[in-house]
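I set out to record what I looked up in this structure, entry by entry.

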Amino acid sequence: MARKDWGLLLLLIVVGGITAILNPRFLSAVNLLDMANLIGLFGIFSIGEGLVVITGGIDLSVGSMFSLLGVIFIDLLVNRGVPWPLAILAIVLGGIVLGAVQGLLVTKARLQPFVVTLCGLLIYRGAARYYTTDATMGFGYSDDFDWLGWLASGRTWGIPHPFILLILVAVVMGVLLHRSVFGRYLFAIGRNEEAARFSGIRTGAIVTGAYIISGGLAGLATICLVFYTNSVSPSSFGNFYELYAIAAAVLGGCSLRGGEGSIIGIVLGTALLQVLQNLVNILGIPSSLNFAVMGTVILIGVLADQPFIRRAIPSIRSLRSTAAEVRKQTQAAP
């Protein structure tokens with residue numbers, strides 16, 4: 001664990017302790033398991049968002065992706081009679097395809113990630129509403145999907161399945177980000193994409209890969225979210241969930257400038273976010289201010305990132321001056 005991660009863990013313990021003092025029910029088994037379930041649900045797609053942020057990009061379409069994939073998933077199961085393994089595979093592949101399209105638009109068409117994913121936010125939400133004629137879709141009173149619902153949102157030995165899935169995803173993504181060439185390339189691109197390109201890294205493929213992983217994890221999270229709510233209203237399902245993902249990533253140490261972040265930090269950021277939500281409820285703050293809390297968290301995360309940037313600037317300038325001196329000496333050499 002990096003120093004940032006230890007600091008975040010300490011902050012999580014402090015905030016949790018304060019919340020427990022204000023309301024001892026915070027430490028009750030029911031509340032802790034409910035929080036673990038929410039941490040699992042939000043943590044899965046926050047990891048995907050974090051990978052995109054590490055490259056210096058951003059994905060604003062996650063919430064709308066949930067809406068579109070959610071209505072398609074229910075339609076495949078309830079109306080089309082598609083076997084559940086194929087339906088799950090279709091939704092995960094659908095998320096991968098949407099992520100790949102966005103990644104290619106960013107890398108091949110040279111469009112800004114903000115613009116591409118903002119358009120995705122609008123397109124996916126509109127497509128979901130058109131797909132269902134703006135009607136809510138659900139499983140009704142059928143018990144045909146009880147076992148699948150238990151698998152996606154149930155518990156084993158009292159531990160919520162989404163939380164178990166988050167741990168598995170975090171382990172796999174942790175190895176990918178911190179123990180593989182792909183992960184090193186992600187950090188290199190986030191720090192300086194031009195330098196990474198000149199060093200021989202296929203930056204387009206790596207950035208597109210980050211969006212593909214983000215889309216795939218969004219598809220996986222969609223399945224858990226659908227069974228958590230048991231219905232999908234295309235106009236509101238997943239609304240502003242991209243804010244939770246960005247806030248968790250930033251809170252977890254991912255710099256919006258790129259090149260910074262860790263998987264364990266994102267998981268801790270997601271946990272801290274849920275503890276803060278619990279604290280808001282305990283203090284009696286209206287739920288309508290939840291988005292204000294999200295905005296404040298993102299702002300604090302960006303402000304906290306500034307000292308690291310200021311310390312890095314002299315080093316970058318020193319490297320540039322050294323490179324310029326080397327070029328001069330090379331040109332002057334006979």
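Predicted model: local features only at pLDDT ≥ 70, side-chain atom pairs only at ≥ 80, totals over all residues.

**Entry 1. The nonpolar cores**

I first looked up the largest nonpolar core and found that it has 81 residues. Ile47, Phe73 and Phe227 are the residues with the most contacts inside it. I then asked which element gives the most to this core, and noted that H10 does, with 13 residues. Apart from this core lies another, of 5 residues, and I recorded Ile58, Leu60, Leu121 and Val250 among them.

**Entry 2. The protein as a whole**

I next turned to the overall counts. The protein has 13 helices and 4 strands. It has 334 residues, of which 48% count as buried. I also looked up how far apart in sequence the contacting residues are. Among contacts between residues at least 6 apart in sequence, 79% join residues at least 24 apart.

**Entry 3. Ile47**

I returned to Ile47, one of the residues with the most contacts inside the largest core. Which residues does Ile47 touch, if those up to four places away in sequence are not counted? I listed Leu166, Val169, Ala170, Met173, Leu217, Ile263, Ile266 and Val267. Of these, I marked Leu217 for the next entry, as it is named in the contact of H2 with H10.

**Entry 4. Helices H2 and H10**

Helix H2 covers residues 29-54 and helix H10 covers residues 203-229. Their axes come within 7 Å and cross at roughly 165 degrees. An angle over 145 degrees counts as roughly antiparallel, so H2 is roughly antiparallel to H10. I recorded the crossing of H2 past H10 as left-handed.

I then listed the residues that make the contact. From H2 they include Asn37, Leu41, Ile44, Ile47, Gly48, Glu49 and Val52. From H10 they include Ala210, Ser214, Leu217, Ala221, Cys224 and Tyr228. By class, I found 17 nonpolar, 3 polar and 1 charged residues in the contact of H2 with H10.

**Entry 5. Ser214**

Is Ser214 buried or exposed? Its relative accessibility is 3%, and Ser214 therefore counts as buried. Leaving aside neighbours within four places in sequence, I found Ser214 in contact with Gly48, Glu49, Val52 and Asp59. Gly48, Glu49 and Val52 are also among the residues of H2 that make the contact with H10.

**Entry 6. Gly190**

I found Gly190 in helix H8, residues 181-191. Its relative accessible area is 10%, so Gly190 is buried. Without counting residues up to four places away in sequence, Gly190 touches Ile54, Thr55, Gly56, Arg257, Gly258 and Gly259. I also looked up the pair Gly190 and Arg257, which are 67 residues apart along the chain. Their C-alpha atoms are separated by 7.2 Å.

**Entry 7. The loop between E4 and H11**

I noted two residues in this loop. Phe237 lies between E4 and H11 and counts as buried, at 9% relative accessibility. Which residues does Phe237 touch, not counting those up to four places away in sequence? I recorded Gly63, Phe66, Ser67, Arg125, Leu225, Val226, Thr229, Ser231 and Val232. Phe237 and Gly70 are 167 residues apart along the chain, with their C-alpha atoms separated by 8.4 Å.

Phe240 is also placed between strand E4 (231-232) and helix H11 (241-251). I found Phe240 partly exposed, with a relative accessible area of 40%. Its phi is near 65 degrees, a positive value in a residue other than glycine.

I looked up Arg110 in the loop between helix H4 (84-107) and helix H5 (113-131). Arg110 has a positive phi of about 60 degrees although it is not a glycine. At 56% relative accessibility, I recorded Arg110 as exposed.

Last, I found Thr133 in the loop between H5 and strand E1 (137-138). Thr133 counts as exposed, at 67% relative accessibility. I noted that Thr133 and Pro234 are 101 residues apart along the chain, while their C-alpha atoms are separated by 9.2 Å.

Terms used:
Residues numbered from 1 in each chain as written. Heavy atoms only, no water. Axes fitted to C-alpha atoms, helices over the stretch in contact; angles between N-to-C directions. Parallel < 35°, antiparallel > 145°, perpendicular 65-115°, else oblique. Left-handed = near helix turned anticlockwise from the far one by under 90°. Contact = heavy atoms within 4.5 Å. Nonpolar A, V, L, I, M, F, W, Y, C, P; charged D, E, K, R; others polar. Buried < 20%, exposed > 50% of the residue type's maximum accessible area, 1.4 Å probe, protein only. Core = buried A, V, L, I, M, F, W, Y, C linked by side-chain atoms within 4.5 Å.
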